[in-house]
Amino acid sequence: MPIQPPRPVLERILLFGGPGSGKSFAWLQIAKLHHQTGSDAKFYVLDTDAAIDRMLCDEKFSSLTNVIPLPTYEWPDYTRNLDQALSQVRSHDWLICDLACNSWEAVQSYYTESVFGKESEAFFLEHRKKLVGKTGLKQDDFNPLDGWKDWSFIKKLMRAFETKLTLRPRCHILCCN
């Protein structure tokens, strides 16, 4: 008999832990249990660190046909893949973001590239170099992102993604950080 939740409430799970602590392993075990019990639940995975395909090759998880990895590395991937998953997800399916913490770096990079026309690494290095050799200047004199102009937009982009990921879906959600 397919696995059924103990109550008709959608799960919202956040897993914290360092690299190799078992966060991905934990949700893969849930996917495996669903697979073993004949559940037709799908696991849509925003894979932000290119680890899922490798883990699915492991003999413990190689039989899983219910995991749908969505490679998610750049900010447009985050929004496109989340929209794709949300267009297909059903109430008993799972939406996984593994690793959700990578989204903060992705949105900042997207913003600096979109607004300033430079990759974020080059942008921040350029502004940091302006500080070298300058005397009498405070760190804030060369703030590469202005708090009133930039961070408010970056946070709005991030908040829209977080809301769409965690509050709107009518399915089970698990995020790893």
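Select His34 first: leaving aside residues up to four places away in sequence, His34 is in contact (heavy atoms within 4.5 Å) with Ile3, Ser39, Ala41, Phe43, Asn66 and Trp94. This is a predicted model, in which local features need pLDDT of at least 70 and side-chain atom pairs count only at pLDDT 80 or more, while totals for chains, interfaces and linings use all residues. Residues are numbered from 1 along each chain as its sequence is written, and side-chain values use heavy atoms, with hydrogens and water left out.

Remain on His34, which is placed in helix H1; helices (H or I, at least four residues) are DSSP runs, numbered from the N terminus. His34 has a relative accessible area of 8% and is buried, a term that means under 20%, with exposed over 50% and partly exposed in between (1.4 Å probe, protein chains only).

Gln29 is partly exposed, at a relative accessible area of 33%. From its C-alpha atom to that of Phe61, 32 residues apart along the chain, the separation is 8.3 Å.

Finally, select helix H3, residues 75-88. Its 14 residues reach 21 Å from first C-alpha to last, close to the 20 Å expected at 1.5 Å a residue (1.5 Å times one less than the number of residues). Within H3, colour Trp75, Asp77, Tyr78, Asn81, Leu82 and Ala85, which are buried. These residues lie on the same side of H3 because they cover an arc of only 145° around the axis, taken from the directions from the helix axis to the C-beta atoms.

Terms used:
Helices (H or I, at least four residues) and strands (E, at least two) are DSSP runs, numbered from the N terminus.
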